[in-house]
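Student: I have a chain on my screen and some questions about it. Can we go through them one at a time?

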Amino acid sequence: MLRVYTNSDCLEEKQYIFRQILGNISGVEYELYIDEDLSEIVVKYKEEKKSLSINSSFFNQFKSLQWLSKESLPKQPLKYLKKDTFSLLNLDVEEELPVIYGSTEYDFSPENIKLGVDIFGSCFFMLSRYEELVIEEKDIHGRFPAKQSLAYKEGFLMRPVVDEYTELLWGAINFLWPDCRRKRRSGKTLVSCDVDYLKDSGAYFPGIVKRMAGDLLVRKSLKEVLKSIRSFYQVAVLKKKYDDPFYSFDLMMDVCEEQNLKMAFYFIPKNNKKSIDGDYDIDSDEVIKLMQKIMKRGHEIGYHASYDSYKEIEKTIAEVTLLKKVYEKAGGNADDITGGRQHYLRWETGVTEKNWEAAGLTYDSTLGYAEHIGFRCGTSHEYNFYDCVNRKPMKLKIRPLLIMDCSLIDKKYMGLDFDTAMNQAALLRRKSFVNRGNFTLLWHNSFLRESFKKKMFRNILEKFD
Ligand SMILES: [Zn+2]
């Protein structure tokens, strides 16, 4: 068992980050010892004379700075740890590692390794979303903008830096103590669907008029006009609701089942047709029938928290209660509703996570950015969140969201062409799996009308590696 020595400053935060990095992600066993004379974090194993010492400047800075103060944010531009550092530890890396806290200095000998990079503090900064509590800027939906994040500004949003830091740590441990073992999990593909709309309004009157005008004037395609007319005829005239382009649940489940994947479908538990919160009533027959179909095929049903709920604890609790009631009516067991995602990815760090925990949920998968895909939390692993306001660890697990469908191609977001979008998605999937983390994909049932979107969904899940 490893022994970790540190002083007692920021002890709650240190205990939390050791649990996440050493226990959860690395899968190693360790014991914690307090030594007030230390300013660094020291790791030992068996033979007392060998040691690994790691800079701890993030936590040390609070001797003079205030918690959550602007001065405690990382100093930009960041320095980068050269690839040579990694090759000394027999680690093969693709890119230099951004040093969020600490320095690029290091000292290696067969008996001792000293790392200037603050591994635990930098990982704490990323996982706790510390910067989101310090930087006040928000976008029009009240969300923390990707562009304000250190990862975006320093160009490492597409990298799971926490996982890379963890590999560096493991490389050093393994270099000193080759017989130390870790128990790693294997990565999974986690596909979820936010059910915002059940009906494609463009397949009904009067939406069809707007759709055809768009086909002619914007898309300039007669083929699209014919497709829209055909869809209107099938759905609105012949009333074949399963031909509605938004009723793509069977297709999604088919694609996932071919890959042996279980999907999660998140529903908005409200009764308010035609609002920002979707177009269906949660306790309507059509939703209950849909839930039964999903359950029968063995997929998960979860919570899609309404637009206004992200800062309102009562709303969150009431919505979860309603969803559980409807789920039971559909024949399910209320205890199976364990998590989901906020509508519009609206999330206020310091508030929303507490609502989820108070509502008895165990995981959330909101934390990705709408305007850019990537690793908002710096990791591909599911992990426990930290309450930076009350300074205590949480039971709620964060399942980082790496890709939302529209982020890839919408002009207001990344606006990528098909091939670039596929390459970027492939990059994230590879980086997650290399680190034995999860590749988390959000695809809306309402994002499969055009054939190229169907192709994207299929390709992202099928044609990689
Ligand atoms: Zn939504």
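Student: In which hand does α4 pass α7?

Tutor: This is a predicted model, where local features need pLDDT of at least 70, side-chain atom pairs count only at pLDDT 80 or more, and totals for chains, interfaces and linings use all residues. Residues are numbered from 1 along each chain as its sequence is written. A crossing is left-handed if the near helix is turned anticlockwise from the far one by less than a right angle, and right-handed if clockwise. For α4 and α7, the crossing is left-handed.

Student: At roughly what angle do the axes of α4 and α7 cross?

Tutor: Helices are DSSP runs (H or I, at least four residues), and strands are too (E, at least two), numbered from the N terminus. Axes are lines fitted to C-alpha atoms, for helices over the stretch in contact, and angles run from 0 to 180 degrees between N-to-C directions. The axes of α4 (residues 119–127) and α7 (residues 161–176) come within 9 Å and cross at roughly 160 degrees.

Student: Why does strand β2 lie largely in the open?

Tutor: A residue is buried if 20 or more other C-beta atoms, placed from the backbone, lie within 10 Å of its own; exposed if 12 or fewer; partly exposed in between. β2 has five residues (30–34), and it lies largely in the open because the number buried is zero.

Student: How many bridges join β1 to β2?

Tutor: Two strands pair if DSSP finds at least two bridges between them. Leu 2 stands opposite Tyr 30 in β2. β1 (residues 2–6) and β2 run parallel, and the bridges number five.

Student: Which are the edge strands of the nine-strand open sheet?

Tutor: The order is β14-β15-β13-β12-β11-β10-β9-β17-β16, with mixed pairing. Each edge strand pairs on one side only: β14 (383–387) and β16 (403–404).
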